[in-house]
Structures are given as structure tokens and as C-alpha cells.
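Subject: Structure handover

Hello,

I am passing on the structure we spoke of. Please look through it before reading my notes.

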Amino acid sequence: MTQTKPWAENKTTAVLVLADGTIIKGFGAGATGAIEAEVCFNTALTGYQEILTDPSYADQIVTFTFPHIGNIGANDEDMEDLSPAARHGAVGAIFKADITEPSNFRSSQHLDAWLKARGIIAMYGIDTRALTAWIRENGMPNAVIAHSPDGQFDIEALKERARAWHGLEDLDLASKATSEHQTAWSQKPWVWDEGFCDHENAELDIHIVAVDFGVKRNILRLFSGLGCRVTIVPATTSADEIMALQPDGIFLSNGPGDPAATGQYAVPTISALLDSDIPVFGICLGHQILALTLGAKTVKMHQGHHGANHPVKDHTTGKVEIVSMNHGFAVDGTSLPDHVEETHVSLFDGTNCGLQVKGKPVFSVQHHPEASPGPQDSHYLFRRFVNLIRQRRAEPALAE
């Protein structure tokens, strides 16, 4: 990318217009145009491509608190949405500095070119620390991000678009992020100097049916790496259709939007599935919808949890782990019914991060144990789930 002149000599080519009328000026990158979304901030130091392709970020603009973004470039492997052609994930990105030139052996494309191809509108040259502090004080705002190389903006029209946008509450985005058809998955986790490779389905014994609300690839890879054959089904698949696949375990995936809205069609399905003895595991949106099914409530968070450095305590082991988080809604821990036990809690703010049903092989977590990006402290949860299946089948357990 061509080096920019000092900021004072450059004209504004991007703006962020908040619903309260606040205007933040900067310089454009990535795609051109304008789009409404919710603005959040992410504190991860690495993994910007995985963050921007996480379907849970649908209808969101991600402010990166790490100031230098782009040094790894972009590649075809660090993608987390299941169908890159559909381009599920963040619609906007905000950086402190101009996009860094790539300097990594895995890079195949400049980040700016990748953003353009992906349709993500980006801006840089603003005080991201100040914007992050604003979000902490005022909550995640509705806004419009706009990029115009000629620097021409109809600010009043952008203000009106930001004010009029409906926001994420009461919005079902999982129906847009989900798979259109039933598909099989067998790709294993990334291996140094080999990349990704596939299992042959004939090798895989345990069958997981993953209900796709906007699933991340690395979740599926970790299942496959533990010897599981995974069948992905759309979010609207009925309980009868899922049971007809003869699953050994049922997984409820992450995804975007308001869990209460998605729960309108997902809760009856999950309720029917819970009548079986088949183990169930949920992550993020899957955790929230499972909680709704069990009789709990969900709430919109003030600033959300977005990053790869969040401390969470597992009450079942007494251990504290550092985890990856990405959610703007949370389960109200005080609303959990008596037959449901809280298993994990955030040590940042005490919010619920996990539950299990007493006497049943059913559990879920709010955080992202698959990471991508983030630490691998929580990978044990996948082995815990597989062990519930193996226990049901009277097979030896994996070491957690």
C-alpha cells in the first residue's frame, strides 16, 4: 500500500457516524460505500482475519484496540465462516493506523485487497482508544461506517440512517448465517508445515450433528480431530430430522443476533431433543438458546465481551482459564432454574459463562473454547463432550 502523507495533509475519506450524531473522521480502506451496524471493540492482539470472518460478528463493526493491523496479510486458511462465498461476518472494521504491509510466510494477499474482495468497509487514522472508552461508558452504539475515496459524504443522511437502524435486539441473524443444506465435515485442525487435511469418513466412529446457527470452522475441526464424523444441518432443521440422522451427540453452534429472536424457532426443536438421552453441547449462541429452552432469560450487554484474553472460572474444576469471547448478549445467571447448574463465570464482570443440566449429559459455555484466535485453555470442553458420548456407549474416556 502506498505510504500516506501526514494526516493533516490528507482529506477525510471515511466517517463513522453514531446514532447520537457524533461524527468521527478518518481515512478509508477496504470496500467503498456505507452500511449500518453496531460498533464493538475487540482486544485480541492477533487473529484479525479469523475475527472478521466469525459469523457471530454479523451486522457489527469491529474496532481493533491493537494499533497495528495487517502484518500477517491474508490467506485462504484463516477463515472461520463456513461459506466464504456468502461472506458471513463483520461488515466493518476500524484501525488506529494505516494497514501494515504483510510480513508473514503464510500471507497470500494484502489485507486491504482482502477487505475489498470481502466487501468489508474499513477506516483508520482515528483514536481507537478514545472510541473504546466511549463504548465502555455509553455502550455499543448503532452507527454508519462510510468510505468514499473522493471524500464526499451526505452527513445528514448518514445521521438519519444511523438513528433509524433497528439494532441487534429482536433480530434473528442466525437464519441468514446458517448453512442452506445438510453437509458433512471431516477437516482436522491445522498442523505445522502441513496445513489442513481431511479424515476419511470411514475412519470416524462418533457421529456429531451440528446445528449451524453460524458455526466457526475451528469448532468443527476440533471435533474431527477427536475422531468425530460431523454432519452440519441448517438452523431450522426439525428435531425429527436431526434424530433421523442417528447422532451420538448434538452440538448447538455459535452465531449472530438476538438469542430470543432465534429461539422463536430453535427452542421448540432443542426442547424435543432434550427429551432424549443424547449428549448436547452448546457454544455462545447455542449456549444462550439452550438456556432459553431450559427456562432461563437472556439480556443485551452494555459493551459485550470481545477478545482473546478473558478470564473465566470453571466451577467444576476450580481452574481459571483465559478464553476467547465474542458476544453482545448473555444468559442471566440469576434466572437459571433449579435443575440447571452454573458451571463457568466471567472474572471480569461475574456474568454467566456456562451451565449444565443436573443428571443429564447436557452442558454449554458462553465463551469460545475453539479459540481462533485465542488461547487453547478450553479445548478440554470438546473432550468432555466426547467423553459423555463414550460414557453413554460404555467406552473408555479420553484424558481431559
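This is a predicted model: local features need pLDDT of at least 70, side-chain atom pairs count only at pLDDT 80 or more; totals for chains, interfaces and linings use all residues.

Residues are numbered from 1 along each chain as its sequence is written, and side-chain values use heavy atoms, without hydrogens and water.

Barrel. Seven strands close into a barrel with mixed pairing, in the order β1-β2-β6-β5-β4-β3-β7. Strands are DSSP runs of E with at least two residues, helices runs of H or I with at least four, both numbered from the N terminus; two strands pair if DSSP finds at least two bridges between them. Strands β5 (residues 92-94) and β6 (residues 121-124) run parallel and are joined by three bridges. Isoleucine 94 has methionine 123 in β6 as its bridge partner.

Salt bridges. The count is 14, taking a side-chain nitrogen of Lys or Arg within 4 Å of a carboxyl oxygen of Asp or Glu. One of them joins glutamate 370 and lysine 216 (3.0 Å, N to O), which lie 154 residues apart. Another joins aspartate 314 to arginine 384 at 3.3 Å, N to O; aspartate 314 is in strand β13 and arginine 384 in helix α10. Aspartate 314 and arginine 384 are buried.

Surface. Tryptophan 190 sits in the loop between β8 and β9. Tryptophan 190 counts as partly exposed because its relative accessibility is 33%.

Regards

Conventions:
Buried means under 20% relative accessible area, exposed over 50%, partly exposed in between (1.4 Å probe, protein chains only).
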